[in-house]
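This briefing covers strand pairing, helix packing and a few single residues. The sequence and the structure come first.

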Amino acid sequence: MTVVGEGESPVFRIASGDNSLEVTVERGEARVAFRHGAAGRAERDGGDLCFDAPLSRMLAVSTGRPWRIALPGAREPEVRRTPQGLAVRCAVGGLAAEVAFAFVRGLLRLDVTWRNTGERGYEDVVLGVALPLPCRRASAVTLPQVLYRGNPSADPARTVPRLGVGPHRALVVEEHRLPVPCAHAEWRSRGRVPTWYATLYAAEPGEGSLGAVQRGHVTLLAMNGALMFNGVPDTAYVHKGKTAPYDGGYLDLPPGAVHRAHYALDWGVAAHPGHGFRPLVHQGLGLYAPEGARPLTLDRIVHYKTAAMDRRWHEAGGAAGFLKFTGPGHTPGFLYGWTGQSLKLAWCDARVGLERDQPWRVDRCRRAVDFYLDGSAAGAPPGLRMSFYSTEDRAWSAFERDGETFISSRAYGDALCDLADVIELLGAHGHAVPRRWIRALAEGADTACATTASATVPPLGWRLDGSPLPQEPGAAGLACVLALLKAHRITGEAHMLRRGEQLVAHYRHRHADDWARPFARATLDAVCEDKEGGIAYFLCVYELLLLAGGERRRAWAEEAADWLLTWVYQWDPPFESGFRTAGWPGVSVQNHHVDVFFPAYELARLGELTGREVYRRLGELILYAFGQGICTKAGEWGFEGLGEQAEGFFPTNWQARGTSNTWNPSWVTAQVLSQALRMRAAGQPSPWRAGSGRCTPRGR
């Protein structure tokens, strides 16, 4: 620590790496400055100012219900040196407060102690820390899983988290709602260079709350547990589009009571505008050191998930495939892509058959693919296919929304990707692949990714007359782009790679250049920012990296991986069953539960390709964590069938906190089984065949 200056207003400074903290007291007011400069400069002169604020604007105390964001001021501040750093004592309202500042592993720790030193008790108290920032727009703020740059793509008619709305213009949510428990903002300086960011973490997450308020400028908030949803205090977001009263987060402080809270702060310059979220992920990993659960080996995961897959096989009346649901209460049938992924299960079946020398499984896969290709084109526009086959009605159908029937680009793209994977798998192991399979893949991918007069990217979907849906496509069509790249890998057709690269570049420019409009609308039930849109983009840039290599593609893949990792829990909120959430990803800004949809294998493989050990380690952590919730004996997790697993686990106040459901569509089996099979075989050499003209991959 350095103390600069003498007299009545010395500057107290502590520094670590590029960051320094300065505290001054003048005319009875303490002021805190957060500076950033090249290592050495931070210690010498503090560096450039990132932001500063009077201590009076940084300590929040509210009494009474409903709570409000109240900053009563910090009186009689005293600064002292400590063995770790600095401490500032002051009076705030009727309480005494002390804020201890110390750098720990590159982050500034803020340990706040509140004391009621008076003779009067206080009821219904809310305490917290506020960080006033220079930025003014609500779109500056990110709350992982909850708020991404203002959620610009979310349907304005639906209730989703928003900042800068409602009577108090604040959004404050539970720490356990946040996969990385932090509040983050970034902004341009007046000269527009550089782009600054600041991230406020819960250092010891639990029952506290985090968020922001936007009133003229943005202030990050860390409170002791009180909530404010879309400007309304004492309100929680509890289901799709639904809120409910919430009476938690209040303290009673009798005389002598002490309350302690622990936070951490990071700030600095973003590598590129809009990319300040990337340090958020990696600093969080250092702070929380997630380990994740490993209840099952990969062999046991494959064993149980294969049992669940076999339970879904259905062959009767000429139909062959894998049922989306096996129990009562559902229309029996095969769904291709999205939450069905019947062809992904066909790939899994063939893969297991090849590994176990069970040719009947490979034959079963063939019959599933043949059935899909033989019947799904009926009634669909040329080059497109229906998505669902009812085994009762023996009829093919598409999706319906708002009274309109359409073919979903997301679901169709998924099905084409699965078809490509089956073709590649069988061909790589010396099995004959019908030319009509390859032709169907190529025609489907070319049709879905064709440029039209009205659109440069695949639409949200197509009507049955072939016309595109007029709604904003978002990231739904990225699954079709991935299918096009996979088709190039198989056919060697150069135009597919060119078109795929053009489309990926377009999506990056729109969504991932500065992340001002993050990936959204890839799921069919949530019209908002979602993890699955980011997954499709990541898989596209990952595929390009495999196909052609290059520094630019590597950078794009790592950027996409970091954005996806904002959805992945780095800590373990309490669960009734002992379920550990670390490693599980959230879903969307509308649906705040965790599920198993995540490219864990591809993330680990990216780490191997690029030498980034963190991605390899996290990919393995995530996949092993997915071993939780799998039924290994009758009655476990609410299931009777071995290998079944819930679609949703609830670590926060969205549905029933600390529980899981028994909704088990086939994608839950297909996703985990396919990932486990790939990860298990990752260290084994496998044959590879490519069409003529294919680019030479790097790292293979």
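**Strands, helices and selected residues**

Strand 25 (residues 313–316) and strand 26 (residues 319–322) run antiparallel and are joined by four bridges. Strands (E, at least two residues) and helices (H or I, at least four) are DSSP runs, numbered from the N terminus, and two strands pair if DSSP finds at least two bridges between them. The model is predicted: local features need pLDDT of at least 70, side-chain atom pairs count only at pLDDT 80 or more, and totals for chains, interfaces and linings use all residues. Residues are numbered from 1 along each chain as its sequence is written, and side-chain values use heavy atoms, with hydrogens and water left out.

**Hairpin of strands 25 and 26**

- His314 stands opposite Gly321 in strand 26.
- Two residues lie between the strands of this hairpin, and Gly317 takes a positive phi near 60°.
- In a regular strand the side chains alternate between the two faces of the sheet.
- Ala319 and Gly321 point one way from strand 26, Ala320 and Phe322 point the other way, and all are buried (under 20% relative accessible area; exposed is over 50% and partly exposed in between, with a 1.4 Å probe and protein chains only).

**Strand 18 and its partners**

- Strand 18 (residues 217–223) has six of its seven residues buried, so it is largely enclosed by the rest of the structure.
- Strand 17 (residues 209–215) pairs with strand 18 in the antiparallel sense over seven bridges, and Gln214 has Val218 as its bridge partner in strand 18.
- One residue separates strand 17 from strand 18 in their hairpin, where Gly216 in the turn has a positive phi of about 80°.
- Strand 11 (residues 122–132) is joined to strand 18 by five bridges and runs antiparallel to it; Leu221 in strand 18 is the bridge partner of Ala130.

- An open sheet is formed by nine strands in the order 7-8-9-10-24-16-15-12-13, with antiparallel pairing.
- The edges are strand 7 (75–81) and strand 13 (147–148), each with a single partner strand, so one side of each has no neighbour in the sheet.
- Strand 12 (residues 141–143) and strand 13 run antiparallel and are joined by two bridges, with Thr142 opposite Tyr148 in strand 13.
- Helix 2 (residues 277–288) lies across strand 10 (107–115), strand 15 (182–188), strand 16 (195–202) and strand 24 (258–269), and runs at about 30° to strand 16.

**Packing of helices 4 and 6**

- The axes of helix 4 (residues 342–356) and helix 6 (residues 409–428) cross at roughly 15° and come within 8 Å; axes are lines fitted to C-alpha atoms, for helices over the stretch in contact, and angles run from 0 to 180 degrees between N-to-C directions.
- Helix 4 is therefore roughly parallel to helix 6 (angles under 35 degrees).
- The contact (heavy atoms within 4.5 Å) involves Leu343, Lys344, Trp347, Ala350, Arg351 and Leu354 of helix 4, and Ala415, Asp418, Leu419, Asp421, Val422, Leu425 and Leu426 of helix 6.

**Single residues**

- Val99 lies in strand 9 (residues 95–104) and is buried, with a relative accessible area of 3%.
- Leaving aside residues up to four places away in sequence, Val99 touches Leu59, Leu86, Ala87, Val88, Asp111 and Val112.
- Asp299 belongs to helix 3 (residues 298–312) and is partly exposed, with a relative accessible area of 45%.
- The C-alpha atoms of Asp299 and Pro651 are separated by 27 Å, the two residues being 352 apart along the chain.

Methods: Angles under 35 degrees count as roughly parallel, over 145 as roughly antiparallel, 65 to 115 as roughly perpendicular and the rest as oblique.
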